[in-house]
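Visitor: I am new to this structure. Could you take me through it by question and answer?

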Amino acid sequence: MTALVDEQRLEESPKGDYQLPKVKPHTTAEIKAHLRSAKTLWCPGCSNGTITRALIDAILGLGLDPEKVVVVAGIGCSGRISAYLDYSTVHTAHGRALAVATGVKAADPSLHVIVTMGDGDSSAIGGNHLIHAARRNIDVTALVFNNSIYGMTGGQMSPTTHLGDKSTTSVYGNVEPAFDLCELAHAAGATYVARGTSWAYQQLVSVIAGGLGHKGFSMVEAMAICPVYYGRFNLTSDPAEFLRIQKEHAVPANKFDEGESRVRDHYPVGLLHHTERDEFVASLAKVRTRAQEATRG
Amino acid sequence: MAATAVLLQGNEAVAEGAIAAGARFFAGYPITPSTEIAEVLSQRLPQVGGTFIQMEDEIASIAAVCGASLAGKKALTATSGPGFSLMQEMIGFASMAQIPCVIVDVMRGGPSTGLPTEPSQGDVMQARWGTHGEHSVIALVPNSVMECYTLTVEAFNLSEQYRTPVIVLSDALIGHMREAVVVPQPGELRIAERGEPDCEPDEYDTVTSTLDNILPRPPLGSPFKVHVTGLVYNRLSGTPDTSDPAAAADLGRYLREKIYHHRDAIVRVEETAMEDAEIAIFAYGSVARSAKAVVKWARAQGVPVGMVRPITLWPFPTAAVDRMAEQVRAVIVPEMNIKQMSWEVQAAVAGRAKVVDHGRIDGKLITPAEIKELVKAQFPYHRWEEA
């Protein structure tokens with residue numbers, strides 16, 4: 001893994017107006033102190049463990065109080081992260097993590113609310129909640145584990161499965177084009193949008209930390225590898241080879257030509273969009289002030 | 001301040017009752033005939049430091065309510081049939097994860113879009129069995145604007161006490177009706193608070209709720225660092241455990257029994273003129289208003305008719321129905337659905353009395369005149385005076 005870490009790329013915003021936090025990697029012992037269990041049900045070669053570690057690294061790097069961190073997860077492979085992390089955690093229903101998180105954050109704005117979802121969770125069954133959380137600009141960080149397939153149920157196509165790809169429900173090739181989740185979130189109003197990969201660990205930590213530090217709705221798409229289903233059906237079942245393919249296809253945002261084709265795994269990585277506007281929970285506080293002034297008046 | 005009567009609509013009374021109960025979070029989606037609850041709370045909650053959010057749909061609404069409750073706030077949503085159907089999965093989540101919350105279903109004609117502006121009692125079985133899997137539920141049925149207020153307060157109390165979703169089954173008639181209400185003064189009504197578990201954070205995994213001691217869950221973002229899940233979990237540690245059949249059975253039975261064990265404390269029934277009744281009318285919600293008029297009419301003529309009105313529909317008022325079955329020769333069950341509760345009554349009566357069902361699904365309230373005919377049929381030799 002050494003070579004991969006050496007090639008890590010820390011990206012600045014395309015506009016150069018937002019510097020991502022540079023997080024020093026933490027030791028395995030420091031990481032494990034944030035885990036209830038280091039035993040997972042994820043398959044050998046799965047990158048969910050890498051993304052989980054990156055999330056903890058980012059939380060440690062920003063110095064967030066672990067007692068104030070709340071992780072709200074969906075259902076599927078990624079959803080299981082909730083049982084492993086030693087924070088306040090909620091393992092919700094499929095697709096509903098962002099809606100539950102909206103209630104959590106609005107009820108207690110002092111909490112750092114992180115939502116972990118899979119690609120199916122966030123863009124199929126929970127797609128409506130994603131666009132509305134982005135529109136409201138609620139101060140939560142959505143971390144999407146995108147492995148382009150439904151893993152827990154055994155390898156069915158998802159809205160991020162690419163055109164032509166094979167899955168157990170697209171054995172003749174997928175006829176549906178894939179969502180670009182970052183473009184979707186951006187268009188819906190997310191004020192921080194970034195993409196990382198399980199290959200470039202340090203960059204992934206940085207973009208997650210950037211999202212956690214951002215005031216407003218942040219979405220980080222973590223490109224995951226699923227060698228057991230997606231890889232075996234479409235690319236390779238060798239995790240190392242899969243990571244190399246991911247490296248080839250991930251293009252730094254500032255070098256990505258908008259005109260380039262996004263066919264298959266050709267995508268920009270790093271911070272893709274950043275802006276500031278009124279945050280939802282802060283606006284709710286202003287509503288309270290207005291309501292109470294009106295009552296007194 | 002002396003208590004004075006105010007003219008309130010049923011839906012307004014639900015909203016005011018929720019605030020009196022300490023609710024500080026509402027998430028909902030507009031739907032006839034429940035919308036006034038959202039409208040009133042959008043204005044009132046911010047005044048008392050609370051939060052109103054109009055969500056993108058009913059699924060998001062109940063999900064946000066679960067989240068707010070887990071973060072320590074008393075929370076509710078309000079809807080009607082179609083929205084109630086959408087909420088069912090998350091009501092199951094709240095049941096499994098033991099999240100106190102209140103769902104107000106202002107019933108309208110269905111299925112589907114049905115009769116949006118007309119009353120119905122078609123959701124009484126959906127309230128009981130709408131979500132999948134074995135679970136228990138508490139459902140309260142107001143029959144007046146005053147009860148919209150008091151039962152909403154009681155719904156919060158029960159949800160906090162038993163850590164469970166509680167459903168208030170209003171209907172389009174009760175919800176939109178206006179009556180004079182003497183709003184209870186602070187301190188007049190019991191308000192249950194959530195409290196905190198009596199243990200240290202590192203001991204929390206080693207303590208477990210029993211049927212007689214249901215421990216409150218610490219809020220998210222506390223030193224307890226709780227894990228909340230819809231998976232089957234070990235009742236002691238809270239850790240997901242789907243491989244141990246004994247743990248699954250233990251949790252499932254516990255979730256059911258924690259309500260049924262307390263049935264006597266939860267169930268409220270109003271009995272009218274039942275002392276010497278030969279015939280009972282079993283009626284709930286708005287229909288009980290017509291039934292009560294019929295009891296008065298019959299008694300004025302010396303005819304022994306009484307009424308059993310469940311205020312708590314779920315858990316089913318078995319003890320009261322038992323007493324009734326031992327005493328009367330027939331039970332008339334008028335309801336704005338077809339046989340939903342009368343089947344339940346018939347099962348509980350178990351042949352000890354005749355059960356006469358009367359259903360109406362045209363969106364119109366069952367009138368006293370209709371119930372009178374059913375009563376008359378039970379007293380074929382009585383010479384009735386019209387009134």
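Visitor: What percentage of the 387 residues of chain B count as buried?

Guide: This is a predicted model, and the value is computed from it. A residue counts as buried if 20 or more other C-beta atoms lie within 10 Å of its own. Of the 387 residues in chain B, the buried share is 53%.

Visitor: What is the radius of gyration of chain B?

Guide: Chain B holds 13 helices and 16 strands. For 387 residues the globule rule gives 21 Å, and the chain comes close to this, so chain B is as compact as a globular protein of that length. Its radius of gyration is 21 Å.

Visitor: How far apart are the C-alpha centres of domain 2 and domain 3 of chain B?

Guide: The domain assignment places domain 2 of chain B at 201-263 and domain 3 at 270-378. Between their C-alpha centres lie 39 Å.

Visitor: Which strands stand at the edges of the open sheet of nine strands?

Guide: The order in this sheet is β7(A)-β8(A)-β5(A)-β6(A)-β4(A)-β3(A)-β1(A)-β2(A)-β10(B), with mixed pairing. An edge strand has a single partner, so one side of it is left without a neighbour in the sheet. That applies to β7 (250-252) of chain A and β10 (227-229) of chain B.

Visitor: Which residue in β4(A) does A:Gly118 stand opposite?

Guide: Strand β3 (residues 112-118) of chain A runs parallel to β4 (residues 141-146) of chain A, and five bridges join them. Opposite A:Gly118 stands A:Phe145.

Technical notes:
Residues are numbered from 1 along each chain as its sequence is written. Chains are lettered from A and ligands numbered from 1 in the order in which they are written. This is a predicted model: local features need pLDDT of at least 70, side-chain atom pairs count only at pLDDT 80 or more; totals for chains, interfaces and linings use all residues. Two strands pair if DSSP finds at least two bridges between them. Helices (H or I, at least four residues) and strands (E, at least two) are DSSP runs, numbered from the N terminus. Domain bounds come from an automatic or database domain assignment. The radius of gyration is taken over C-alpha atoms; the globule rule is 2.2 Å times the number of residues to the power 0.38. A residue is buried if 20 or more other C-beta atoms lie within 10 Å of its own, exposed if 12 or fewer, and partly exposed in between; C-beta atoms are placed from the backbone.
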